Amino acid sequence: LKGRGKGYWDAITAHNPKIKYFEGKYYLYYISTNLGEIEYTDEDLIATHGKSLQESQLRKTLRENQRTGVAISSSLDGPWERLNQPIIQPSGPITTITVNPAIVKGDKPNDDNFVRNQAIAISTSPVGPFQMQPKPVIDYQDTEDMSLYFDTENKTFYGIFHAHEYIGLVFSSDGINWKRPSNFEIFNKEIPLANGGTIRPDRMERPFIYFENNKPKTLSLAVKKGNQSYTVFVPVSHD
């Protein structure tokens with residue numbers, strides 16, 4: 001998928017995907033943005049790279065228009081049919097943006113600091129309408145990229161995310177009321193090496209749990225170090 005161009009809600013980019021399979025169809029959730037009625041060129045978009053929200057009105061508008069949408073297909077090979085509107089708008093415990101699907105993330109309301117909240121929205125259909133729940137999942141610190149999964153053995157929902165310095169975890173028995181375990185911080189953003197050393201990445205984000213035989217098997221993480229980017233896989237222990 002790519003941005004569909006001017007005139008669409010998903011005009012610019014299609015990224016941070018999460019794919020799910022329900023009753024014979026694949027649902028590819030993704031985030032995108034647009035610049036509304038503002039005229040722009042590809043060069044204008046490239047020029048926003050590295051600029052702060054204060055430095056660039058274009059950059060600020062791109063962020064504020066970020067939403068989550070979905071594309072649907074009966075095959076992983078496509079064709080993919082996109083909805084012409086985002087599936088959820090900011091409300092309740094989040095404001096400004098609805099991004100990084102699996103758990104909806106947006107800004108914390110009435111807070112001058114740059115804090116991203118995590119929130120839950122519920123629907124009886126994979127395409128919505130989704131109803132934002134009033135209780136946030138996390139509103140006490142800045143977090144990103146929550147990935148949600150359900151453990152069938154202990155009947156518990158888990159949400160794994162990245163904060164500024166570590167990868168963290170929250171849990172819930174009903175998917176509505178969320179708590180922090182005693183081992184809230186799973187590990188720092190470091191990669192242990194066989195020789196005893198460590199790699200400390202510039203960025204370690206987008207945690208995702210891979211399941212096999214209905215059990216979490218591997219945690220994957222997207223990493224950037226200098227000019228290199230790669231994925232790190234961490235085995236999940238069941239001891």
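Tutor: On a 1 Å grid over the protein atoms alone, a pocket is an open set of points with protein on both sides within 12 Å along at least five of seven lines, while a cavity is a set where a 1.4 Å probe fits but cannot get out. Lining residues have an atom within 4 Å of a point. Grid points are joined across faces, edges and corners, and the volume is the space filled by probe spheres set on the points.

Student: Which residues are the closest to the centre of the largest pocket?

Tutor: There are 31 residues in its lining, and His 15, Arg 59, Gln 66, Glu 144 and Arg 203 are the closest to the centre. Elements giving two or more residues to this lining include β1 (12-22), α2 (57-64), β9 (144-151), β15 (203-212) and β16 (215-225). Those names come from DSSP runs: helices are H or I with at least four residues, strands are E with at least two, and both are numbered from the N terminus.

Before we go on, this is a predicted model: local features need pLDDT of at least 70, side-chain atom pairs count only at pLDDT 80 or more, and totals for chains, interfaces and linings use all residues. Residues are numbered from 1 along each chain as its sequence is written, and side-chain values use heavy atoms, leaving out hydrogens and water.

Student: How do the residues of the largest pocket's lining divide into nonpolar, polar and charged?

Tutor: Ala, Val, Leu, Ile, Met, Phe, Trp, Tyr, Cys and Pro count as nonpolar, Asp, Glu, Lys and Arg as charged, and the others, Gly among them, as polar. Sorted that way, the lining of the largest pocket has 11 nonpolar, 10 polar and 10 charged residues.

Student: And what makes up the lining of the second largest pocket?

Tutor: That lining divides into 20 nonpolar, 5 polar and 3 charged residues. The volume of the second largest pocket is about 750 Å³. Of its 28 lining residues, Phe 22, Ala 102, Ala 121, Phe 130 and Leu 148 are the closest to the centre. The largest share of the lining, 4 residues, comes from β7.

Student: Why is Ser 220 called buried?

Tutor: Buried means under 20% relative accessible area, exposed over 50%, and partly exposed in between, using a 1.4 Å probe and protein chains only. Ser 220 has 16%, so it counts as buried. This serine is found in strand β16. Contact means heavy atoms within 4.5 Å, and leaving aside residues up to four places away in sequence, Ser 220 touches Arg 206, Pro 207, Phe 208, Thr 231, Val 232 and Phe 233.

Student: How do you know that β16 and β17 pair?

Tutor: Two strands pair if DSSP finds at least two bridges between them. β16 and β17 have 8 bridges, in the antiparallel sense, so by the definition they pair. Val 223 stands opposite Tyr 230 in β17, and Ala 222 has Thr 231 as its bridge partner there.

Student: Why are β15 and β17 said to stand at the edges?

Tutor: The open sheet runs in the order β15-β16-β17, with antiparallel pairing. β15 and β17 (228-235) each have a single partner strand, so one side of each is left without a neighbour in the sheet.

Student: What is the order of the open sheet of 4 strands?

Tutor: β9-β10-β11-β12, again with antiparallel pairing. There, β9 and β12 (185-188) are the edge strands, because each has a single partner. Between β9 and β10 (residues 156-162) there are 6 bridges, and Phe 150 stands opposite Phe 157 in β10.

Student: Where are the cis peptide bonds?

Tutor: One joins Gly 78 and Pro 79, with omega about 0°. Another runs from Gly 128 to Pro 129, with omega near 10°. Pro 79 lies in the loop between β3 (67-73) and β4 (81-82), and Pro 129 in the loop between β7 and β8 (131-138).
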